[in-house]
Amino acid sequence: MDIFSIFTLCGGLAFFLYGISIMSSGLEKIAGGRLERILKKMTSNPIKSLIFGAGITAAVQSSSAVTVMLVGLVNSGIMKLSQTVSVIIGSNIGTTITAWILSLSGIQSSNFFIRLLKPESFSPIMALIGVVMIMAAKSNKRKSVGTVLIGFAILMFGMELMSGSMRPLADMPSFQQTLVAFTNPILGLIVGLVVTMLIQSSAASLGILQALSMVGGITYGMAIPIIMGQNIGTCISAVLSAIGVNTAAKRVSAVHVIYNVLGAAICLPVLLIWNKIFPLSFMPQNINPVGIAVVHTIFNLLAALIAFPLIKLIEKMAILCVPDKKVKDKNVLIDERLLMAPAFAIAECYRQTIKMAELVEFNFINSTKMLKSYHSKKAEQIQNNEIKIDMYEDKLGAFMLKLSTKELTEEDSNRISQLLLAIGDYERIGDHASYMLKIAEKLKESEKKLSSDAVEELKVIVHAVSEIFTVSLEAYKTDNVQLAQEVEPLEAVIKRIIRKVKNRHIQRLKDGLCTAEISFLFSDLLNDLRRIAAHCGNIATSVIQLEDKTIDKHEYNHRNKDEDIEFISKYENYKSIYSVSKKKSLENA
């Protein structure tokens, strides 16, 4: 094998790996938000988890990538270790699809229609269609399909280069002598393991084996241990990803290793003993790419059948391999490994934003209660929550900025924009809740009280702002556009009430019914409540924009509402509910 053949082999491997990368990227974009919905539906049911693992691995074309993603999901607390065992078993089944795709390159026939199935026949056409789709399609979905077609064409071109570079080996006596060493199954297993560890892709090492099989001289007896070794070698990605994560996430990596080692440790000795007692006729026969795909599939199905009843045992073995630490693991808000799966990352960002919003809700409700009755313990809890809220904004914001640099679907890109705006609005609402707490502290320290009229007016406003917060949060949680449309007329009513109350307050100040110190505090309270309502309005508008991308926020907020019958109807309804003209007490506010 000359230096040029080695260069061709390396180039083929590079094309192969790049093709897998862009093809899996395109497939993930096509799946888009569906991956998020599948994750939500997945339960602790092992069968559903297994199907999920097989399906997502078939989509991203890499069991290693799925396991690394699982490490991230467990490290972030989205999934439990018990759920991942079945997913990992399923992922090993899902990865067999790659071998079948690659086996197409080994088709040999003079029949015109069968030759059309060879990648060298249809790959150029697929590449051309892919380029046309990317250049001409307006839909991101169609562009993603084009990316998949180009990725597949590049992958198969790489496979052709690798197999072509290996053809000279058939006439080399030294190559034939080297092959004799592979009759030792332990050596074959080690070679499969080491090669896969080095290139960190079982698909690539499998492709090399399939390319080598087209040269001739590789028997079933040689290939089977190598394939088993490749399955173990692919665990290296999961092992490396487990560095610096919590104990539960490390156990995911251990599950992957235990499962693949267990499969090889049981299947290989059984096969060798059986072949010794009852010689298998196919073992000394030469294997081809299709045969490799068959062996790979049968081995992974057998390993799954063996491991599936032992799920609990595998989980216990992983726990024994990675015992609990004496020092408690640090909580991870969101694991950066999820960046490799944007749909899951966005789902987790959304979940964490809801947690942040619930902390803000607690602070807002309790800071308003403090105006009536101050409690130091509750005040301390609000202050601690405010630190957490700021942490949420910093970490989620930084993570989503990184996420926005990835290749995303239009839907995912819009969701990230909405999330970034939402965390900003919720953080500002949290700030205003803290300002209200400080006002409550000052009122307590000064031992001065608001006038009875001011108290009654404040109750009406607080009740209205509480409703707008609840409605906007529920609309955000459920992506409910109809609920979000309730916010704008209520915000308009709140602004109207606050203007009216400010005018009354100025009059009380002129009449000497209110001191200047209390006046400033009351005015600050009104400003905080007005700003909270405005941020709730922003959140509701983002929900509406997510549904209808053509809506411009500025134009929407400044449109002529006098002609909007639905808005006027809702506005009049809220105006009748919240009126400072009526002397009614809202004790539950």
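**Entry 1: aromatic pairs**

I began with Phe 469, which is buried at a relative accessible area of 1%. For burial I used these cut-offs: buried is under 20% relative accessible area, exposed is over 50%, and partly exposed is in between, with a 1.4 Å probe and protein chains only. This is a predicted model, so I kept to its limits: local features need pLDDT of at least 70, side-chain atom pairs count only at pLDDT 80 or more, and totals for chains, interfaces and linings use all residues. Residues are numbered from 1 along each chain as its sequence is written, and side-chain values use heavy atoms, with hydrogens and water left out.

How many aromatic pairs does a search of the whole structure find? I got seven. Rings of Phe, Tyr and Trp (its six-membered ring) pair if their centres lie within 6.5 Å; planes under 30 degrees apart are stacked, over 60 edge-to-face, and the rest tilted.

I looked at Tyr 350 and Tyr 476 next: their ring centres are 5.7 Å apart and the planes stand at 45°, so I wrote the pair down as tilted. Tyr 350 sits in helix α18 (residues 342–370) and Tyr 476 in helix α21 (residues 452–478), so this pair ties together parts that are 126 residues apart in sequence. My helices (H or I, at least four residues) are DSSP runs, numbered from the N terminus. Both tyrosines, Tyr 350 and Tyr 476, are buried.

Then I returned to Phe 469, which forms a stacked pair with Phe 364, at 5.7 Å centre to centre and 25° between the planes. Phe 364 counts as buried, at 1% relative accessibility. I noted one aromatic cluster made by Tyr 350, Phe 364, Tyr 426, Phe 469 and Tyr 476.

Asp 479 is in the loop between α21 and α22 (481–484). I flagged its backbone, as Asp 479 has a positive phi of about 55° although it is not a glycine. Asp 479 is partly exposed, with a relative accessible area of 32%.

Which residue forms a salt bridge with Asp 479? I found Arg 415, with the closest N and O atoms 2.6 Å apart. My rule for a salt bridge is a side-chain nitrogen of Lys or Arg within 4 Å of a carboxyl oxygen of Asp or Glu. Arg 415 lies in helix α20 (residues 410–446) and Asp 479 in the loop between α21 and α22, so the pair ties together parts 64 residues apart in sequence. Arg 415 counts as buried, at 15% relative accessibility. By the salt-bridge rule I counted 10 salt bridges.

I followed Lys 570 from one partner to another. The side chains of Glu 486 and Lys 570 meet in a salt bridge of 3.4 Å, N to O. Glu 486 is in the loop between α22 and α23 (487–510) and Lys 570 in helix α26 (residues 565–577), so I logged a link between distant parts of the chain, 84 residues apart.

Lys 570 also meets Glu 566 in a salt bridge, here 3.0 Å, N to O. Both Lys 570 and Glu 566 lie in α26, four residues apart, about one turn of the helix. Shared partners join Glu 486, Glu 566 and Lys 570 into one network.

Is Lys 570 buried or exposed? Lys 570 counts as buried, at 16% relative accessibility. Glu 486 is partly exposed at 22%, and Glu 566 is partly exposed at 47%.

**Entry 2: helix α12**

I checked the length of helix α12 (residues 202–213): at 1.5 Å a residue its 12 residues should span 16 Å, and its end C-alpha atoms are 16 Å apart, which agrees. The expected span is 1.5 Å times one less than the number of residues. I found 11 of the 12 residues of α12 buried, so the helix is largely enclosed by the rest of the structure. Among the buried ones are Leu 206, Leu 209 and Leu 212.

**Entry 3: cysteines**

I searched the whole structure for disulfides (cysteine sulfur atoms within 2.5 Å) and found zero. Cys 267 counts as buried, at 13% relative accessibility, whereas Cys 321 is exposed, at 53%.

Terms used. Helices (H or I, at least four residues) and strands (E, at least two) are DSSP runs, numbered from the N terminus.
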